[in-house]
Amino acid sequence: MKGNLTALIVTSIIVLAVVFIGFMAGRSKESRSSVEEWSVGGRRLGSLFVWFLIGADIYTAYTFLGLTSTAFKGGSIAFFATPYVVLAYPLAYFFLPKIWKVASVHKFTTLADYIKGRFDSKLFSVLIAINGVLMLIPYIDLQLSGIQDTIRIAGTGYVNVTVVVVLSFILVAFYTFFSGIKAPTYTAILKDILVWVIMLYMVISIPIIHFGSWGHMMQTTVDKAPQMLTLPTSGPKGMLWFSTAALISALALFMWPHTVTGTLSSKSGESLRKNAIILPFYNIVLMLVTFLGITAFLVVPKGTDPRFAFLELIHMSYGGTMQGFAYSTIALASLVPCSIMAIGASSLFANNIYRDVINPKASPSRMLKVTRYMVFVVIGLALLFGLMFPNALVSLQLMGVSGIVQVFPAVVFSLYWRKLSKEAAFTGFIAGMAVVAVLYITHQSFGAYEGFWGLLVNILIVVCLNPFFAKQAAGRKNDVIDTLFGKKNSEVAKQKAV
């Protein structure tokens, strides 16, 4: 199949315009004045900016291409993403403001910073940082995969796909290095506007183009492929997998380094509460776009690779200009999250590996340089890995969710449980990661999402082991514990913030 030149031109113009906006966002030297300014924007972003930024964090190209691909292969099993975000935001409403408060008072920019402060443990912090960096690289790779697939459909016969992908990610690395968090913040606005306008337009128009109406599309599915509209009751991805995948994905969502970066950029905890209320509106797009995977099953030629199903559906449904808008939306849903993910991974490495292990006496200016230059390392590794092992990305990202969720007990439980001990939290985390590794190596999950078993073991160990160290934990005192539980935590917070 030959690409569409008009679609390629429109896509290129929009993507280059957004990259230009990314560079312009950092024209003020203030954005590069400190690690806190570069990585979390000085914690000054208002509710609307945070809404766009977290939306860019969560609703990526993998979200759209991955869900439609899953729906194309397995039908309704893809709808696990709808309850997962429904579960995630009510939880976030309660614990994100507490994380933000502690991070703001103590100038934390990563969850590993919080772990070190809460438990007085550099080892625990380093392991959390390593876990975050390793789990993020396959996620960044999937963004690479999204733009690679998009260009392959739009530009086949006109451009070298690999060269364009490499150049795109080099540009993202440079504007992220230059502008910091302001780059994805401002580019996320255009990306999310396109997501709402273009995706909703496709959701409305594609069933009409091919079936005359949504009703006829659904009736055709009932007549020709009723299995696409029901959840399997057994098998490797039955009801148990559906339920546990939704639960684990919800608990993991705000443990990812890039969503933490978006969270800590907020100007207040109240702004995060507002976002936890209004972010679920994205579910409208998410749920309806998933239906397009079922539509693709009915429309695109049999034997089509599922990863290209949604893109093929676009190619078959529209002329060049509309294809260009659709492809550029997916391309931006790759590039903008990639920028935020690179910032999250760079902050983890610089703060919690370089500063805490390699060079504890690093000056603030040195820390800023290391954090910014790590963007090139992270994106470079992601590019190299993605181009060398393209078929391993989806499975590694799924393992990433299972790995990232093991951070949840240590972080969230410790926000509310004064006597949670370092020993119990650390052992639970290690045990959970070990269980996840064994399940993925043996390819045996007993019908559930692998991360569920890891988290179950993690929590059981925390609950059973903690009583042996509770007295010691109750006697431990530090500034973070005072901020969370101390009688004078408001005074401590004020003094720290000055």
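The legends below describe close-up views of a predicted model.

**View 1. The aromatic pair of Phe23 and Tyr175.** A search of the whole structure finds 27 aromatic pairs, and one of them brings together the rings of Phe23 and Tyr175. The centres of these two rings are 6.2 Å apart and their planes meet at 75°, so the pair is edge-to-face, given that planes over 60 degrees apart are counted in that way. Phe23 belongs to helix α1 (residues 5–25), while Tyr175 belongs to helix α8 (residues 161–179), so the pair ties together parts that are 152 residues apart in sequence. Phe23 is partly exposed, with a relative accessibility of 27%, whereas Tyr175 is buried, with a relative accessible area of 1%.

**View 2. A cluster of aromatic rings.** Trp51, Phe52, Trp196 and Tyr282 form a cluster, in which the residues are linked by ring pairs.

**View 3. Charged side chains over aromatic rings.** The charged end of Lys302 is placed over the ring of Phe297, at 4.3 Å from the centre of that ring. In another part of this view, Arg372 lies over the face of Phe177, and here the distance to the ring centre is 4.0 Å.

**View 4. The surroundings of Ser249.** Ser249 is found in helix α11 (residues 239–252), and with a relative accessibility of 9% this residue counts as buried. A polar atom of the Ser249 side chain lies 2.7 Å from the backbone oxygen of Ala245. When neighbours within four places in sequence are left aside, Ser249 is in contact with Phe80, Tyr84 and Val401.

Definitions and conventions:
Residues are numbered from 1 along each chain as its sequence is written. This is a predicted model: local features need pLDDT of at least 70, side-chain atom pairs count only at pLDDT 80 or more; totals for chains, interfaces and linings use all residues. Side-chain values use heavy atoms; hydrogens and water are left out. Rings of Phe, Tyr and Trp (its six-membered ring) pair if their centres lie within 6.5 Å; planes under 30 degrees apart count as stacked, over 60 as edge-to-face and the rest as tilted. Helices (H or I, at least four residues) and strands (E, at least two) are DSSP runs, numbered from the N terminus. Buried means under 20% relative accessible area, exposed over 50%, partly exposed in between (1.4 Å probe, protein chains only). A charge sits over a ring if NZ of Lys or CZ of Arg is within 6 Å of the ring centre and within 35 degrees of the ring normal. A polar contact is a pair of N or O atoms within 3.5 Å; within protein, one must be able to donate a hydrogen and the other to accept it, and residues adjacent in sequence count only if both atoms are side-chain atoms. Contact means heavy atoms within 4.5 Å.
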